[in-house]
Amino acid sequence: MIPDDTIIALATPSGVGAIAVIRISGKNAIESTAQFFRSIHGKSLTEQKSHTILLGHIVESEKTLDQVLVSIFKGPNSYTGEDVVEISCHGSPFIQQQIIQLFLRNGCRTAEAGEFTLRAFLNGKMDLSQAESVADLIASDSAASHQIAIQQMRGGFSNEIKQLRGELLDFASLIELELDFSEEDVEFADRKKFDSLLVRIRNVLKRLIDSFALGNVIKNGIPVAIVGEPNVGKSTLLNALLNEERALVSDIAGTTRDTIEDEISIGGIGFRFIDTAGIRETQDVVEGMGIKRTFEKIAKAQIILYLLAPSEITSEEEFSETFAEIQKIEAKHPQKPLITILNKTDKLSASEISNLKSQAADILALSAKTGEGLERLQSKLLKFVNTGALTKNETIVTNTRHYNALTKALEEIEKVQLGMQQGLSGDFLAIDLREALYHLGEITGQVTNDELLGNIFSNFCIGK
């Protein structure tokens, strides 16, 4: 049911700023604002055309609260599909609250989290997946996550799902029609065309499901654990990658006793680097707890950077011991890329570096202190992310709810394909087709319920 009351909320972040925007939506949005708005040119707010802006004052009982700009958007040509007013006032928290409280005392109510976007969905301004992409766009913190959110908000993903669902629905309708004529033993749905459609839908669903692996890391960032023995320069490398003094650096071994995390964007992809406690035998209880956490972070990371210092591999024995430790980690986590890094190369000559690299061809030499070799490390990290789908502008799934719905839809499509191969009757095929259509409809909101909407929009910010 579409609400018919009028809501208000601050649409910009709370706190002090140059300006703040207060958003009002509902059938009485314009009339409510007109009660308290005085145009400097004496114009009536209710008589203005849509998409116009007026300069004036918000006045309560002849008391001026602020000079403001009022923007008018008349439904259905507005964000929510209703009449919308946006009041741009000065960014004092006191002024913001004075204006909002004035409207709350006079017929408006405070908008709930995501309620403006919920109303846009209910009024047909966008489908459910587009509405969810609004939240993703607000939360985007890299070029890649921004690109995906923009594409989905424009309906790229929705259109693909709607087209598949529409074609499947046409055939499902013919299958259902056959059930009404079961005694005549007729077929309205061309089985060859239907089989071809199922193959195509299965391929598209598989591609979308497979894209979630990339979409998930783009949306949430790729966790990268920086590990190694104490005093090899792990914290220095973290600081160099972040270009700030994020972690304490000391010549004393065991300085880092807990994990330190921060995120940067490399080539439009977010990487979350985790500086860990040095791995060594220790009697220190606190340092031991930090080392335990190091192995926990290795288990959760998607990429491992193992740092070495020249002092660790000066002798053949030390070299063997160090690489035995690396091989243990690789054996325990065979699916995770591990980059072996020789740090502190600023202390070595070119011939020494060449000699060490000849012993381990895959080793990456750099100096976290001077920055030499950091670009090579960043390039290597990017190679672990398959960004081909991004460059081709393909649809990429980033939402877990969409992923689950696609997986369930694929299961039902495969059941229909199996049923076709086994020559099952139309009534059995129709059951699985209905389920597939249901799960595809869940994505765009063609099938929905109040609980689902509540879960989705409760994650939005107030004012959006």
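Is Phe-103 buried or exposed? Phe-103 has a relative accessible area of 1%, so this residue is buried, a term that stands for under 20% relative accessible area, with exposed meaning over 50% and partly exposed in between (1.4 Å probe, protein chains only). The model is predicted: local features need pLDDT of at least 70, side-chain atom pairs count only at pLDDT 80 or more, and totals for chains, interfaces and linings use all residues. Residues are numbered from 1 along each chain as its sequence is written, and side-chain values use heavy atoms, with hydrogens and water left out.

The structure holds five aromatic pairs. Rings of Phe, Tyr and Trp (its six-membered ring) pair if their centres lie within 6.5 Å; planes under 30 degrees apart count as stacked, over 60 as edge-to-face and the rest as tilted. One of the pairs joins Phe-36 and Phe-103, which is edge-to-face because the planes stand at 70°, with the ring centres 5.5 Å apart. This pair links distant parts of the chain, 67 residues apart: Phe-36 lies in the loop between helix H1 (29-34) and strand E3 (37-39), and Phe-103 in helix H2 (residues 93-104). Helices (H or I, at least four residues) and strands (E, at least two) are DSSP runs, numbered from the N terminus. Phe-36 is also buried, at 9% relative accessible area.

Phe-171 and Phe-194 form a stacked pair, 5.2 Å centre to centre and with 20° between the planes. Here helix H6 (residues 156-180) supplies Phe-171 and helix H7 (residues 191-220) supplies Phe-194, 23 residues apart. Both of these residues, Phe-171 and Phe-194, are buried.

The ring of Tyr-79 has the charged end of Arg-23 over it, 5.7 Å from its centre. The charged end of Lys-464 also sits over the Tyr-79 ring, 4.4 Å from the centre; the criterion is NZ of Lys or CZ of Arg within 6 Å of the ring centre and within 35 degrees of the ring normal.
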